[in-house]
Amino acid sequence: MPTFHRKLERSAIGFVLAIIGVASIGGLVEIAPLFTIHETVEEAPDMRVYTPLELAGRNIYVREGCYACHSQMIRTLRDEVERYGPFSLAVESQYDHPMLWGSKRTGPDLARVGGKYSDAWHVAHLINPRDVVPASVMPRYGWLQRNTLRVDDLGRHLAAQRTLGVPYTAEMIANATSDAYGQANPDSPHAAGVTERYGQATNVRVFDGDPGRPTEMDALVAYLQILGRLTDAAHRQAERTQE
Amino acid sequence: MVATLTTNERQLAMLVSAFFAFIGIAMAAAGRDDVMGMQGVIVLLFGLGGLIVLARGYYDPEPGQERLSQYYDEPTKAGIVLAMAWAVVGMFFGVWVAALLAWPDLTFDAAWASFGRIRPVHTSGVIFGFGGNALIATSFHVLQRTSRARLPDQFSPWFVLIGYNLFCVLAASGYLMGITQSKEYAEPEWYVDILLVVVWVVYFLIYIRTLQRRKEPHIYVANWYYMAFILVVAILHIVNNLALPISWGQAKSYTVFSGVQDAMVQWWYGHNAVAFFLTAGFLGMLYYYLPKRAGRPIFSYRLSIISFWGITFLYMWAGSHHLHYTALPQWVQTLGMTFSVVLLVPSWASAGNALATLNGAWHKVRDDATLRFMMVAAVFYGLSTFEGSFMAIRAVNSLSHYTDWTVGHVHAGALGWVAMITFGSFYALVPWMWKQDRMYSSKLVEVHFWLALAGTIIYVFAMWNSGIIQGLMWRTYNDSGTLAYSFIESMEAMHPYYIARAAGGLLFLIGAIVGAYNIAMTIRMARSQVSGEETDLPALQPARAAVQPAE
């Protein structure tokens with residue numbers, strides 16, 4: 001070995017190629033099959049995409065770095081399943097660009113937080129977490145209620161997602177702005193299109209308690225309320241294993 | 001700075017600065033309705049700043065031909081100063097985020113000051129700002145000395161250094177404005193990522209061009225590591241940051257990968273950012289400055305070869321241990337665990353090689369805080385790689401994952417290994433670069449050493465305690481078979497440890513400030529000597545070259 005290596009050390013280009021070759025193997029073996037092995041992601045025909053308002057909320061979640069303290073990945077461990085619900089399936093994040101599985105739980109996991117608390121609780125909690133959970137160390141996010149949500153470019157967001165493989169239809173893209181407005185204003189003429197395009201089960205309501213202009217609070221709460229509820233696949237899987 | 005450039009290089013530099021100013025204007029115009037506009041202004045200011053500096057020095061006399069027989073150390077000097085500045089900024093934000101977990105209302109209800117926005121300022125500030133500048137600065141120094149060749153030209157090293165710092169500034173200021181793609185340690189958005197690719201290509205070209213002109217037949221070990229750092233970070237950065245911007249005038253983009261594939265790519269990147277940014281590059285430092293300072297040759301050439309190729313090959317498999325028990329297929333988890341455990345062999349081979357090099361020089365370790373920094377770094381490298389392999393075992397990971405234990409582990413490596421080897425190398429390098437026979441104050445080096453060590457130990461012990469308590473509380477059942485603790489109870493139990501952690505971090509920050517002061521005073525000492533020589537004692541000029549203790 002030392003003789004061979006002494007030769008290799010004398011060639012800068014040879015060394016560069018050797019490093020690239022040796023370092024590439026691990027990633028190729030572990031990552032490439034994830035795209036080709038079909039069982040990696042389960043089937044879930046009932047899976048729906050995020051509405052424009054929920055997607056905008058997800059982007060606020062990303063912007064504020066919520067993933068630094070909250071995971072969205074329930075592991076296959078008994079205590080986690082009992083604390084948070086059925087363990088997470090790969091299919092549940094198949095439309096997540098990027099995924100928000102997280103790596104740290106300074107706060108609890110949020111993979112199934114949707115529907116667990118009322119909208120009013122979320123709004124109060126985001127304005128000042130210590131009003132509802134006295135021992136909380138979460139920052140206050142009061143400005144979300146004050147900031148008007150930017151909705152004019154949501155069509156572009158959906159179009160970019162479609163290019164990456166998320167099944168948004170041309171109609172969804174064309175109506176993105178109006179749907180975002182409608183989902184937070186059930187009494188407006190824009191509301192009907194939301195359930196038409198995203199299903200009857202879609203939450204259409206005044207999330208932040210203040211009808212009219214959609215705020216960033218509306219979007220974030222709409223997103224939190226859908227977490228874990230885009231498909232029933234995980235619950236079905238849990239029932240199957242119990243039987 | 002400008003004085004060392006030739007006229008052609010000054011023109012090229014002006015062209016590049018003007019190009020950056022133009023890009024800045026384009027970004028500001030296209031992104032006027034978006035946060036990207038502000039980032040464009042920053043790019044514009046960098047371009048204009050470059051133009052002003054170049055214009056003021058444009059008619060300075062050109063450097064003579066004799067420069068070609070000397071090493072080019074100006075970028076290294078600037079890199080050291082920038083690294084220390086980033087160290088203070090990055091660690092200050094670190095203490096602040098740590099304090100936020102004990103006293104959450106230290107955000108003053110400002111969006112930019114919330115935990116989620118300033119945490120990446122801390123991580124990028126210390127990893128890329130401090131660590132990256134230290135790597136660039138030392139790599140230019142080591143490359144020239146071990147190749148006995150001067151850097152290929154005077155412009156490209158400055159392009160790398162300044163372009164890289166523009167990357168750091170755009171990243172950090174972006175987080176405060178809410179620009180992030182949420183990928184841990186790869187948060188900057190698409191246009192910042194593109195800038196880094198350009199900078200990195202030039203960095204690689206400097207390396208390869210210098211190596212091609214080397215006067216040593218063999219490429220020294222330190223350069224293997226610096227090259228692995230440059231090459232593999234490029235691969236990781238490009239693949240993990242593939243994303244589709246929603247428009248040319250907006251900062252927001254969507255990652256091309258989704259869900260489980262994205263998770264795997266992210267942690268393949270994330271773990272190997274640790275491996276090739278925070279380990280390989282700094283091993284390059286270790287392999288040069290430790291034997292130099294100790295005055296001993298590397299203990300074993302064979303061990304160097306084994307550990308280098310072991311690290312380069314094995315680390316790339318280990319990323320999936322970040323995803324145990326998740327929706328990632330089990331076979332990938334198992335591969336990740338297996339390779340992580342095997343990885344201990346080359347890691348300990350490196351740490352052992354470094355410590356065995358000190359045999360015969362232990363009296364120097366006792367007396368010289370600079371060498372002691374490097375020795376402690378090698379010890380912490382050994383400890384944290386052992387801990388890392390241990391935590392990658394699935395059963396251990398079920399307890400440690402998602403808890404502060406991970407944070408403690410990272411900081412044992414980051415404070416104990418990365419920062420300590422950097423400070424040690426800087427204390428060796430600064431007197432050489434500024435032609436002094438010692439640092440301004442060796443007492444302050446000693447003070448810095450003990451502050452850094454105490455800070456690291458307090459930090460790591462606090463996080464071990466909090467992490468393990470947290471992990472155990474989450475999985476404790478009471479007699480009736482239900483979970484014993486609510487999540488909030490586990491959080492309340494963390495409070496004392498979060499205070500202790502902030503205190504440990506504060507000690508480490510104070511140490512870094514002491515170090516920055518000491519380096520600044522050494523530079524001042526050198527400046528006053530130079531001006532003294534020029535006015536009073538011109539005859540002593542040639543003697544200056546002689547004061548290069550270890551070259």
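**Figure 1. Lining of the second largest pocket in the predicted model.** The lining of the second largest pocket divides into 23 nonpolar, nine polar and five charged residues. The volume of this pocket in the predicted model is about 780 Å³. Among the 37 lining residues, His70(A), Pro108(A), Leu110(A), His125(A) and Met138(A) are the closest to the pocket centre. Elements from chains A and B give two or more residues to the lining: helix 4 (78-84), helix 5 (119-127) and helix 12 (216-226) of chain A, and helix 4 (115-147) and helix 17 (487-492) of chain B. Helix 5 of chain A gives the most, with four residues.

**Figure 2. The second largest cavity.** The model has seven cavities of 30 Å³ or more. The second largest cavity holds about 190 Å³ of space. Its lining consists of 17 residues, and those nearest the centre are Gln72(A), Glu92(A), Ser93(A), Ala111(A) and Gly228(A). By type, the lining of this cavity has nine nonpolar, four polar and four charged residues.

**Figure 3. The largest nonpolar core and the surroundings of Phe423(B).** The largest nonpolar core has 248 residues, of which Tyr168(A), Tyr164(B), Phe229(B), Phe277(B), Trp417(B) and Phe423(B) touch the most other members. Helix 8 (residues 259-294) of chain B supplies the largest share of this core, 22 residues. Apart from neighbours within four places in sequence, Phe423(B) is in contact with Met84(B), Met91(B), Phe130(B), Phe373(B), His448(B), Phe508(B) and Ala512(B).

**Figure 4. Helix 11 of chain A.** Helix 11 (residues 191-198) of chain A is mostly covered, with six of its eight residues buried. The buried residues are Ala191(A), Gly193(A), Val194(A), Thr195(A), Arg197(A) and Tyr198(A). They pack against helix 3 (52-63), helix 8 (154-163), helix 9 (170-174) and helix 10 (176-183) of chain A. Gly199(A), with a positive phi near 105°, follows helix 11 of chain A.

**Figure 5. Gln39(B) in helix 2 of chain B.** Gln39(B) lies in helix 2 (residues 36-57) of chain B. This residue counts as buried because its relative accessibility is 0%, and the cut-off for buried is under 20%. Beyond its neighbours within four places in sequence, Gln39(B) has contacts with Met27(B), Leu170(B), Ser173(B), Gly174(B), Met177(B), Ile179(B), Tyr191(B) and Val192(B).

**Figure 6. Glu9(B) in helix 1 of chain B.** Helix 1 (residues 7-30) of chain B contains Glu9(B). With a relative accessible area of 9%, Glu9(B) is buried. Not counting residues up to four places away in sequence, Glu9(B) touches Thr4(B), Asp153(B), Gln154(B) and Phe155(B). Glu9(B) and Phe155(B) are 146 residues apart along the chain, and their C-alpha atoms are separated by 6.0 Å.

Figure 7. The average pLDDT of chain B is 94, and 96% of the residues score at least 70. Over residues 535-551 of chain B, pLDDT stays under 50. For this segment the model has 17 contacts beyond four places in sequence. Where pLDDT is low, predicted coordinates should not be read in detail. For the complex, the predictor gives an ipTM of 0.96 and a pTM of 0.95.

Conventions: Residues numbered from 1 in each chain as written. Chains lettered and ligands numbered in written order. Predicted model: local features only at pLDDT ≥ 70, side-chain atom pairs only at ≥ 80, totals over all residues. Heavy atoms only, no water. pLDDT = per-residue confidence, 0-100. Contact = heavy atoms within 4.5 Å. Buried < 20%, exposed > 50% of the residue type's maximum accessible area, 1.4 Å probe, protein only. 1 Å grid on protein atoms, 1.4 Å probe; cavity = no way out; pocket = protein on both sides within 12 Å on 5 of 7 lines; lining within 4 Å. Points joined across faces, edges and corners; volume = space filled by probe spheres on them. Nonpolar A, V, L, I, M, F, W, Y, C, P; charged D, E, K, R; others polar. Core = buried A, V, L, I, M, F, W, Y, C linked by side-chain atoms within 4.5 Å.
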